[in-house]
Amino acid sequence: MATTAAIGLSQHVGDSYQAGIEATHTAMEKIANPVLAIVFMTEQYEEQAATSGIRSLLGDTPLIGCTAPSLIFNNKIYADGLGVAIIASDTLKVTVGLGENMSQDAVATGKSLGSLLTASTVPKVHPKNQVLLLFADASMTKGVVSDTLTEAFHEFGSFFRFFGGGSADNLHFKKSFQIINQKILTDAAVAALIVSETPQGISLMHGWEATGQAFVVTKAEGKVVKEIDGEPALNFYMNHLDKDTQQFDYSQFYAFASGHPLGIPMGTGEYVVRDPLSASLEDQSITFVSEIPENSIVRIMTGSKESLLSASVSAANEAKAGLEGKPAALTLVADCVSRLLYLDDQAETELTNIRSSIGEDVPMIGFFSFGEFGIEGGGPPALYNKTCGVYVIPQ
Amino acid sequence: MPTDIALEASLASVSILYQISSELSQVEDKATACTIFVESICRNFSIDLGILVELDGADGSYQAIAGLGLTKEEMNQFSGKVAGSVFDKTLQEARPVRLASPKAGILPEIISHFSIQSVLLMPIASKQGSGYVLLCCRLYDKEFLFADERVIGILATKLSSTLDTIVSQDNLAYAEQKLQDQVLEVQKLNLALADEKADVERQVVERTQQLFEEHVRFQSSIDSLDVGLLMTFKDSQTISHNAALSKILGLSNTVKIDVALLEEKLLTSSFDLMKAIENCQTTGELFNISEVDYGDHILSVFGAPVRTQDHNIIGTVILIEDITEAKIMARSKDEFFSIASHELRTPLTSIRGNSSMILDYYKDLLIKDTPLKEMVEDVYGSAVRLIEIVNDFLDLSRLEQGKMVFTYSPVSLQTVIESVVQEMQVVFRDKNLYLKMDDPTFDSLPKVWADEDRLKQVVYNLIGNAAKFTDNGGITLKAQVMGTLIKVLVIDTGRGMTPESQQLLFRKFQQASSSLLTRDSTRGTGLGLYISKMMVASMGGTIALEESTEDQGSVFSFTIPIATAETPAIIVHQSTKHMAHLSRR
């Protein structure tokens with residue numbers, strides 16, 4: 001049997017419990033003996049009821065998931081939908097775990113995830129075969145997801161690769177939920193340790209390119225950048241993009257700034273992208289989706305729909321290549337919510353391209369995320385922005 | 001490499017160098033610096049395993065001190081011996097090593113289960129210890145580039161300098177801590193000192209109070225004395241004097257008395273008070289002036305040094321006693337004895353003479369009437385004994401008053417002693433004792449300068465005294481020349497004396513066998529040795545008990561000056577000195 005997977009969708013917004021049953025039932029029609037279920041739902045659903053509906057069919061099958069602004073289901077995007085993926089396998093070893101209170105102590109949250117290791121008997125196989133699938137609350141402005149990721153990496157070591165994304169609501173930036181088995185959590189991280197006999201495929205790419213000169217973030221605190229090159233960050237940023245700071249309509253800041261993210265150069269030549277989320281006229285700071293360390297050298301990035309679409313195709317191809325010839329059983333996508341806004345009417349094209357690259361017959365499910373987690377080309381896990389992450393589980 | 005890619009790589013390198021250097025510049029501890037270094041490099045260069053290994057030259061082992069990609073358990077186990085390890089080799093060669101698909105056994109066993117595709121070993125020198133090596137491993141098909149090596153190498157240099165700075169700062173912090181500890185210690189000592197000072201001050205207050213009370217008690221004690229007391233420091237400054245001193249000197253109690261005033265008041269040609277005090281403080285000798293005329297009073301002045309526990313002299317105490325009344329009493333007593341004795345002697349002489357005549361004239365008659373004869377003999381004997389007693393009292397009185405007249409002439413000691421021995425032989429024969437002279441010692445003795453009668457009296461006293469306490473054996477007399485003196489020894493085989501009894505000899509009314517407080521009235525007046533002592537002294541000699549052992553006997557001696565041209569002057573001087581000494585006893 002090896003590994004098979006199926007997905008189910010419900011847009012039954014009025015009855016969350018029934019929606020959970022409906023999506024799960026659809027998926028279960030195609031497979032039996034599940035080892036893991038993954039759920040993503042938009043904010044229209046009552047999380048606990050929906051989860052109860054799912055588990056009413058799955059029983060004790062391990063379940064993780066999160067809420068999201070929009071759902072990816074095959075090559076479609078649903079602003080109001082509940083999607084369930086069910087994986088059945090006689091070769092995969094799956095263990096689920098959680099860490100709570102991220103906003104209070106992100107490091108402790110990462111350490112809690114380490115209990116997954118003691119709960120499972122992990123064979124000493126190549127890290128290509130071992131993936132920690134992780135969904136973490138990214139809605140807290142004070143939460144530092146990178147700390148959770150780094151601490152989790154300390155616990156797991158290089159024998160695991162990471163993939164996942166930050167859960168969020170529908171751009172209200174108020175509250176998001178993380179789901180593990182029957183529990184509905186917030187301010188938490190949930191994870192599934194997935195060990196396979198053959199390599200799994202992971203790739204994260206963004207398609208943004210650096211432009212112009214480099215600057216130094218001279219003052220920053222977590223996600224809030226206060227000064228660039230010694231000047232108030234907002235004033236510096238807007239002036240550099242030739243915007244009149246007095247006349248600018250700041251209600252449109254995100255729409256404008258999402259096309260001009262900052263990039264932090266890495267030793268590999270790649271850039272880690274940071275997405276400006278909001279601006280404060282009061283203290284002239286800019287808040288990003290993810291943190292930027294003080295003293296980082298940054299450049300303003302630019303992109304186009306073409307470059308973004310091209311990057312997601314590359315990510316899909318690389319993820320597929322990671323299977324080292326094995327056919328895919330399931331594709332998971334964590335795509336930055338800013339890409340959805342930026343690509344607009346071509347957003348589904350990105351999903352179509354990904355699915356085409358991996359295989360039309362391979363079920364694909366995912367969510368638009370607030371930060372994407374993963375290991376791109378080796379090294380410790382990083383928190384990406386404006387990136388398309390593709391994770392393929394082999395058959 | 002296309003230009004834009006090269007620029008990107010350069011910018012990335014600069015960015016990494018800037019950011020990591022900035023972070024390292026802000027850290028203050030070794031562990032944080034190492035963690036930032038390793039994690040930043042792993043993150044920026046897609047390194048799956050990054051381990052910073054410290055080589056310890058002291059114990060020859062290496063140990064992972066920071067890392068990423070290993071579990072904590074694996075990190076703790078990442079250690080081994082430096083010798084022969086890849087880290088030792090890297091550090092010794094002091095250059096980075098890049099390996100593709102490293103052979104088994106090169107890297108530590110603890111990471112052997114990783115499928116390591118490429119390795120970069122970066123040596124990091126250090127001023128402290130042997131140094132460090134950064135082990136970078138990639139698990140995917142991506143080799144380390146020369147550019148990676150150069151950038152990581154620069155960062156390694158930065159880490160090295162950072163660690164050296166931290167160690168220096170640690171040393172500085174340690175020194176500061178030590179300084180602070182010492183400051184705290186000093187503060188503690190100050191507090192302890194303050195406590196000690198408070199304690200000392202309290203003790204001073206207590207001691208002052210005690211001293212004050214002691215002074216009050218001392219002053220009360222000396223004020224209660226009848227004897228005047230003046231205590232001075234060594235510089236003659238007055239420490240204290242009592243009320244009696246003021247009274248004796250006829251001064252108001254408010255007058256402060258010091259040595260100068262005392263000297264002024266006691267001004268007399270007979271002694272020099274200041275000199276006496278000076279001598280007392282210098283030599284420690286006591287001084288005593290028995291009779292100082294002070295108006296119509298007679299004073300006795302006594303001085304003694306005041307010594308510390310270690311016998312240092314720190315002052316003088318002067319006692320002044322008004323002995324006027326005592327002197328009057330003594331003179332009255334002497335006069336009484338003299339008058340009484342004279343008045344007794346005349347009738348006693350008459351009784352002795354008449355009873356003697358009765359025994360001679362009525363000898364035949366008395367033979368027939370034995371009871372009558374015994375009564376007359378008893379009257380005669382009693383009269384003789386009474387005359388002896390009266391004579392003793394008269395002699396004593398004259399000697400003490402300096403009225404005894406000595407008639408000096410060259411006297412043959414041998415003749416004097418032979419006559420006494422001869423006279424007393426009867427007594428000794430009756431007691432079955434011997435009395436002999438050691439003739440060789442008396443042969444060719446020079447004559448002595450003495451009053452022959454007094455000298456004879458002394459010999460009588462000593463032989464008679466010896467006879468009283470000798471029941472077996474007898475008495476032997478010897479003589480010997482000792483410079484300008486002749487010494488006569490009276491050796492008996494009598495009862496001897498205990499050391500306690502010996503101390504009582506030569507005192508007035510003291511019998512040799514008595515205790516100080518009891519006396520035997522049947523054995524004489526107890527004046528014999530005392531009178532002999534004063535007579536010998538008057539003639540310029542001395543009298544002494546040489547030795548005495550209980551049940552074995554005693555040896556008494558006296559000396560007497562040999563008659564020469566100068567003897568009279570010597571006798572006058574010595575007898576005056578001896579008599580002065582005796583009168584103080």
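**Exercise 1. Strand 15 of chain A and its partners**

Task: In this predicted model, determine which residue of strand 15 of chain A is the bridge partner of Lys219(A), and describe how strand 15 pairs with strand 14 of chain A.

Solution. 
Step 1. The bridge partner of Lys219(A) in strand 15 of chain A is Glu227(A).
Step 2. Strand 15 of chain A covers residues 224–228, and its pairing with strand 14 of chain A is antiparallel, with four bridges.
Step 3. These two strands form a hairpin with two residues between the strands, and in it Gly222(A) takes a positive phi near 65 degrees.

Task: Identify which residues stand opposite Val224(A) and Ile228(A).

Solution. 
Step 1. Strand 20 of chain A (residues 285–288) pairs with strand 15 of chain A in the antiparallel sense, over two bridges. Here Val224(A) is opposite Thr287(A).
Step 2. Strand 16 of chain A (residues 231–232) also pairs with strand 15 of chain A in the antiparallel sense, over two bridges. In this case Ile228(A) faces Glu231(A).
Step 3. Strands 15 and 16 of chain A form a hairpin with two residues between them, and Asp229(A) in the turn has a positive phi of about 50 degrees.

**Exercise 2. Salt bridges within the chains**

Solution. 
Step 1. Lys226(A), at 27% relative accessibility, counts as partly exposed.

Task: Explain why the salt bridge of Lys305(A) and Asp345(A) ties together separate parts of chain A.

Solution. 
Step 1. The side chains of Lys305(A) and Asp345(A) form a salt bridge at 3.6 Å, N to O.
Step 2. Lys305(A) belongs to helix 8 (residues 305–322) of chain A, whereas Asp345(A) lies in the loop between helix 9 (337–343) and helix 10 (347–358), so the pair connects parts that are 40 residues apart in sequence.
Step 3. Lys305(A) is partly exposed, with a relative accessible area of 24%, while Asp345(A) is exposed at 59% relative accessibility.

Task: Determine which elements of chain B are tied together by Lys30(B) and Glu54(B).

Solution. 
Step 1. Lys30(B) forms a salt bridge with Glu54(B), and their closest N and O atoms are 2.9 Å apart.
Step 2. Lys30(B) is in helix 2 (residues 30–44) of chain B and Glu54(B) is in strand 1 (residues 49–56), so the bridge joins parts 24 residues apart in sequence.
Step 3. Lys30(B) is partly exposed at 27% relative accessibility, and Glu54(B) is partly exposed with a relative accessible area of 24%.
Step 4. Elsewhere, salt bridges with shared partners connect Lys111(A), Glu151(A), Glu155(A) and Lys72(B) into one network.

**Exercise 3. The contact of the two chains**

Task: State how many residues each chain brings to the contact and what area is buried between chain A and chain B.

Solution. 
Step 1. Chain A contributes 36 residues and chain B contributes 33 residues.
Step 2. The size of an interface is often expressed as the accessible area lost when the parts come together.
Step 3. Between them, chain A and chain B bury about 2,900 Å², with 56% of this on carbon and sulfur atoms.

Task: Find how many salt bridges link chain A and chain B, and which element of chain A gives the most residues to the side that touches chain B.

Solution. 
Step 1. There are two salt bridges between the chains. Lys72(B) and Glu155(A) meet in a salt bridge at 3.4 Å, N to O.
Step 2. Eight residue pairs are in polar contact between chain A and chain B, with both residues at pLDDT 80 or more.
Step 3. Helix 5 (145–156), strand 14 (209–221) and strand 21 (297–302) of chain A each supply at least two residues of the side that touches chain B.
Step 4. Helix 5 of chain A gives the most to that side, with six residues.
Step 5. The residues of this side of chain A comprise 15 nonpolar, 12 polar and nine charged.

**Exercise 4. Ser85(B) in chain B**

Task: Locate Ser85(B) and state whether Ser85(B) is buried or exposed.

Solution. 
Step 1. Ser85(B) is in the loop between strand 3 (79–81) and helix 4 (86–93) of chain B.
Step 2. Its relative accessibility is 12%, so Ser85(B) counts as buried, the cut-off being under 20%.
Step 3. The side chain of Ser85(B) reaches the backbone nitrogen of Asp88(B) at 3.1 Å.

Methods: Residues are numbered from 1 along each chain as its sequence is written. Chains are lettered from A and ligands numbered from 1 in the order in which they are written. This is a predicted model: local features need pLDDT of at least 70, side-chain atom pairs count only at pLDDT 80 or more; totals for chains, interfaces and linings use all residues. Side-chain values use heavy atoms; hydrogens and water are left out. Contact means heavy atoms within 4.5 Å. Buried area is the accessible area (1.4 Å probe) that two parts lose on being put together, summed over both. A salt bridge is a side-chain nitrogen of Lys or Arg within 4 Å of a carboxyl oxygen of Asp or Glu. A polar contact is a pair of N or O atoms within 3.5 Å; within protein, one must be able to donate a hydrogen and the other to accept it, and residues adjacent in sequence count only if both atoms are side-chain atoms. Ala, Val, Leu, Ile, Met, Phe, Trp, Tyr, Cys and Pro count as nonpolar, Asp, Glu, Lys and Arg as charged, and the others, Gly among them, as polar. Buried means under 20% relative accessible area, exposed over 50%, partly exposed in between (1.4 Å probe, protein chains only). Two strands pair if DSSP finds at least two bridges between them.
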